[in-house]
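Welcome! Here is a short briefing to read alongside the structure below.

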Amino acid sequence: MSVHDDLSSVQRSLDELARAVTRLERQLGPGGLEVRRVRTDADHLRESVALLRAAAPDAPRRPDLVPIPDTPYDGSLWTDSDDEGLGARDRRAP
C-alpha cells in the first residue's frame, strides 16, 4: 500500500470513530467528562492525520535519468590514457 492509501484508510477509520462517538454522546449525554475526553482525543487524531496528509509526498520521485548517446565516443578522449591492465601504449606490459 502507498502512503496515500494508508492515510485514506486511517481517515475512513477516524470517520467511523467520530460517528461512534456521536452515537455514544446521544446515549450517554454530552455532559460527561469521559465522553468529552473521547471526543477531544478523536478530534486530535483527525488533526494529526490531516497534518500527515499535508506533509506526505504526492508520489515517489524518480531520479533524473541521464541520456547516454548511441553514437561512438570521440577517439581523442583516450589519446593519452592507459589501457586497463596493460599500462601505457608506448611501454611494455609487465
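In this predicted model, α1 and α2 are roughly antiparallel to each other, a label for angles over 145 degrees. Residues are numbered from 1 along each chain as its sequence is written. Local features need pLDDT of at least 70, side-chain atom pairs count only at pLDDT 80 or more, while totals for chains, interfaces and linings use all residues, and side-chain values use heavy atoms, leaving out hydrogens and water.

**The helix pair**
- Two packed helices are described by the angle between their axes and the distance between the axes.
- Helix α1 covers residues 3–28 and helix α2 covers residues 33–55; they pack at about 160°, with axes 10 Å apart.
- Axes are lines fitted to C-alpha atoms over the stretch in contact, and angles run from 0 to 180 degrees between N-to-C directions.
- Where α1 meets α2, the contact residues comprise 13 nonpolar, 4 polar and 5 charged.

**The whole protein**
- The secondary structure consists of 2 helices and 0 strands; helices are DSSP runs of H or I with at least four residues, and strands are runs of E with at least two.
- Of the 94 residues, 14% are buried, meaning under 20% relative accessible area with a 1.4 Å probe, protein chains only.

**A look at Tyr73**
- Tyr73 lies in the segment after α2.
- Tyr73 counts as exposed because its relative accessibility is 55%, and exposed means over 50%.
- Leaving aside residues up to four places away in sequence, Tyr73 touches Ile68 and Trp78, where contact means heavy atoms within 4.5 Å.

Methods. Parallel < 35°, antiparallel > 145°, perpendicular 65-115°, else oblique. Nonpolar A, V, L, I, M, F, W, Y, C, P; charged D, E, K, R; others polar.
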